[in-house]
Amino acid sequence: MKIPRLNASGLLWIRFPAMLGLLAVMLVVGQDGVKKVADGINLRLFNSARFEEATRSEMEFNDLLNKAYRFTQGDGTVSREDVRFALDIFWSRMDTLRTASYRDALASGEVRETAIVSRVFASLPRLDAAVLALEAGNPASYKQVGDFAMEFQAPLLEYSDRSYTARRNQLRELVEKERQSLDDLRSIQIEFVGLSCLVLIYVLVELSLSRRINRRLKVALEDKRRLLASDHLTGIANRRHFEEALAEQSMQGSFAVVLVDLDGFKGVNDTLGHAAGDHVLKAVAEILDSLRLEGDIVSRLGGDEFAILLDGSRERARHYAEAAVARVSTGCFFDGKPVRISASLGIAHIDDARMGATPEQMMRDADAALYVAKAAGRNCIRFTTPDIMAMSHRKQALQVEIRSAIETGQIDVAFQPIVSLADGRVTSLEALVRWEHPDLGLIDPHELVVAAEQASEILPLTLFVIERACNIRSTLGACGRDLQVAVNVSPRLLTLERFSDAVIDVVHRHAVQRGGLLLELTEDAMMDESETVLRNIEHLRDGGIDFAVDDFGRGYSNLGRLAGLEFRRVKLDKSLIDNVTSSARTVDIVRGIGRMAADLGMDVVAEGVETAEQFAALQSLGIPFAQGYHFARPMKPLLLLPFLLGKPLPVEKRTLRAVR
Amino acid sequence: MRSILQHLLVLATLLVSAPFAHADDVLFTVRSAKGDFPVTEAVVEKLGTVTYKALAPGMDDALHQVRGPLIRDVLKAAGVEGTTAAAVALDKYEVEIPMADFTTLDVIAAIEMDGERLTVRSKGPAWIIYPTGKHTELQKDPVYEARSIWQLKDLVVK
């Protein structure tokens with residue numbers, strides 16, 4: 001799956017700086033507009049009075065003339081003071097208009113006739129004298145003022161007109177400016193709207209982008225979740241997903257837990273190779289998935305184990321299971337060659353479950369049912385039954401309790417003597433683990449070992465037995481009896497890297513001599529000669545520990561292996577001893593094995609000798625050692641010591657319960 | 001002969017009256033809803049005057065020594081309050097001045113410039129002057145130049 005890149009478009013990174021840049025430009029332009037408008041206002045205020053005052057000068061001159069004339073005509077409403085005041089106003093106006101700042105202002109309005117003002121001002125004392133000479137009601141006294149008017153009225157009018165025109169032009173310009181300012185204001189407004197739109201668009205783009213990113217993230221997360229929940233080989237759900245679904249499964253609903261285990265899958269892997277094995281797994285996954293309905297979870301737990309959380313009735317579960325078994329057993333083709341395969345199914349349906357069962361318990365029940373299906377000859381289905389669930393429950397109980405049982409002494413070790421058939425002397429002991437369960441009674445040693453293996457307690461259990469074995473050796477050694485002690489070892493322990501170190505550590509702590517401890521391995525214990533197993537065996541042998549083949553003659557007896565690994569001892573299975581008095585063929589086999597073992601330099605021990613007849617027969621066949629009820633039952637140390645140190649054999653008292 | 005005598009009499013009156021101010025000569029009038037308050041030489045005498053250097057807009061670009069009563073003192077004496085004052089000149093020029101100018105700035109009604117009493121001919125008898133010598137930022141500001149009204153006749157408080 002491709003994880004989507006968040007910066008999918010190369011231009012995306014630039015959008016924020018670009019936005020800022022655009023904003024800055026628009027702000028500067030807007031600022032410029034504002035400045036223009038403000039300057040317009042300043043200009044408008046500038047010297048609007050200048051031209052007006054120039055224009056007024058002519059009016060004021062006329063006012064003076066008018067008043068002077070009326071005064072001399074004897075108009076009683078005009079006093080000398082009025083005339084004088086009009087002159088003062090005109091005087092002051094001329095004085096003002098001749099200043100540099102007024103001249104400049106007027107020149108800017110194309111008013112060139114400013115010289116007249118200076119001329120008038122220079123002549124003002126003359127006008128002053130003329131006004132002073134005015135006489136009320138004497139028209140002739142107006143002459144001097146009249147002469148002054150004749151001289152200056154026309155040019156002043158010209159000057160005034162010019163100023164008036166200049167003022168009008170100025171006003172027109174101001175109106176133009178005003179309009180320009182309005183335009184500027186409008187463009188500022190447009191800029192503002194544009195700015196707002198830009199910000200809005202930016203926000204919208206960001207929003208949509210983040211939504212897109214969000215969507216992609218969601219898709220990526222969904223993909224990742226699917227990836228985490230699916231099995232990489234077959235593409236169906238994996239253990240994790242199945243367990244999550246199971247934990248969430250409501251116990252109110254109708255559903256079944258179906259466990260599938262392929263029969264003979266290891267054979268396919270071994271003979272046709274892992275590619276073929278993978279092909280088979282895919283084919284099976286396809287079959288199981290094709291039968292799936294909405295709401296079902298079909299998963300591969302690992303290896304050749306599949307688990308299905310099946311929705312619906314018990315009847316539906318049966319149909320599903322039967323269809324699955326039928327279709328798997330038709331086999332498949334690999335490399336054009338048919339591959340024979342079949343499946344066993346264990347089904348735990350909610351209808352069969354006990355009150356208060358949990359999904360996890362149903363899983364264990366289904367496992368127990370699968371176990372039964374396997375035991376029933378494979379290629380079949382089994383629903384859980386009360387018996388199976390009881391068995392499952394018992395297994396569960398044992399797994400849970402095993403550790404505390406070791407700690408509290410419920411699990412203990414008994415020792416069964418192995419005697420020399422030649423002289424009846426005890427030559428070694430076999431340590432046998434016992435679990436006296438307070439509720440379930442004495443637990444079968446095989447069941448105990450299976451439970452320990454499933455609870456991952458097999459190493460502590462075995463070390464505990466070895467510890468006890470070393471203890472009894474020390475005790476006996478102190479009493480002058482040096483006996484080899486044998487301990488049964490689960491084949492799986494040899495696949496643990498640290499196994500040999502752990503055992504040798506115990507042996508060293510107890511200062512056990514070479515040959516003092518012997519580990520018994522069952523035939524199928526040698527199933528896997530991996531490097532780890534061989535290294536463990538070698539390391540232990542270097543540490544002075546012997547090995548024995550246990551239960552030889554039961555199941556497959558591989559003579560080649562006997563030759564390959566140097567065993568110190570071979571133990572004949574009880575099934576051979578049982579028949580040694582009745583079957584001539586068995587006698588031949590026992591004799592043959594005895595000779596062969598002797599030739600290979602191995603001790604031979606006959607297991608489960610119960611009668612004097614068997615004893616005699618074995619003696620006559622030249623078997624050197626034996627163990628069994630005929631000689632002694634397994635004993636706890638407290639009884640073993642007086643037995644070994646006191647009484648001679650064979651023992652008649654049978655005070656202990658047999659464990660094997 | 002009579003006319004000559006009359007002539008001389010008028011001249012004498014003018015000569016006597018012009019340079020010398022009389023206590024009840026009205027410089028300008030403060031008008032408001034409460035009525036008119038003539039600002040006479042006596043009023044100015046009573047209020048006292050301040051003197052500083054400032055530009056005289058409409059004259060030249062030089063600083064001049066001006067003297068006159070603070071407008072806010074005048075308004076206080078007139079007992080008027082308001083937000084704006086419309087200043088009207090003898091030549092009918094008119095401008096509105098915010099009253100805040102008078103409280104934040106030492107604006108005066110100048111009656112004397114460079115040691116000489118202001119007359120109508122020299123833009124008197126009262127000329128509103130802003131303290132542009134002290135507040136240089138006000139110099140050449142068209143707003144304040146427009147408010148520096150000469151030949152002040154009326155101050156109409158609104």
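This is a predicted model: local features need pLDDT of at least 70, side-chain atom pairs count only at pLDDT 80 or more; totals for chains, interfaces and linings use all residues.
**Entry 1: helix α12(A)**
I looked up the span. I then checked for a bend and found one of about 50° at Ile402(A). Ile402(A) also turned up in my list of buried residues in this helix, along with Ile388(A), Met389(A), Ser392(A), Lys395(A), Gln396(A), Leu398(A), Ala405(A) and Ile406(A). After the helix comes Gly409(A), with a positive phi near 90°.

**Entry 2: helix α11(A)**
Next I went to α11(A), which runs over residues 359-375. Its 17 residues reach 24 Å from the first C-alpha to the last, close to the expected 24 Å. I noted its buried residues, among them Met362(A), Met363(A), Asp365(A), Leu370(A) and Lys374(A). What do the buried residues of α11(A) pack against? I found the helices α7 and α12 and the strands β2, β3, β7 and β8, each in chain A. The residue I looked up after this helix was Gly377(A), and its phi is positive, near 105°.

**Entry 3: Ser299(A)**
Is Ser299(A) buried or exposed? Its relative accessible area is 0%, so I put Ser299(A) down as buried. Setting aside neighbours within four places in sequence, I listed its contacts as Ile236(A), Ala237(A), Asn238(A), Phe242(A), Phe306(A) and Ala307(A).

**Entry 4: the α8(A) and α9(A) pair**
A reminder to myself: two packed helices are described by the angle between their axes and the distance between the axes. For α8 (residues 265-272) and α9 (residues 274-290) of chain A, the axes come within 6 Å and cross at roughly 145°. On the α8(A) side I wrote down Phe265(A), Val268(A), Asn269(A) and Leu272(A); they meet His274(A), Ala276(A), Gly277(A), Val280(A) and Leu281(A) of α9(A). Sorted by class, this contact has 6 nonpolar residues, 3 polar ones and no charged ones.

**Entry 5: domains**
Last, I stepped back to the whole of chain A. The assignment gives domain 1 as 1-229, domain 2 as 237-384 and domain 3 as 396-645. I also looked up how far domain 2 and domain 3 of chain A are from each other: their centres, taken over C-alpha atoms, are separated by 38 Å.

Methods: Residues are numbered from 1 along each chain as its sequence is written. Chains are lettered from A and ligands numbered from 1 in the order in which they are written. Side-chain values use heavy atoms; hydrogens and water are left out. Axes are lines fitted to C-alpha atoms, for helices over the stretch in contact, and angles run from 0 to 180 degrees between N-to-C directions. Helices (H or I, at least four residues) and strands (E, at least two) are DSSP runs, numbered from the N terminus. Contact means heavy atoms within 4.5 Å. Ala, Val, Leu, Ile, Met, Phe, Trp, Tyr, Cys and Pro count as nonpolar, Asp, Glu, Lys and Arg as charged, and the others, Gly among them, as polar. Domain bounds come from an automatic or database domain assignment. The expected span of a helix is 1.5 Å times one less than its number of residues. Buried means under 20% relative accessible area, exposed over 50%, partly exposed in between (1.4 Å probe, protein chains only). The bend at a residue is the angle between axes fitted to the seven residues ending there and the seven starting there.
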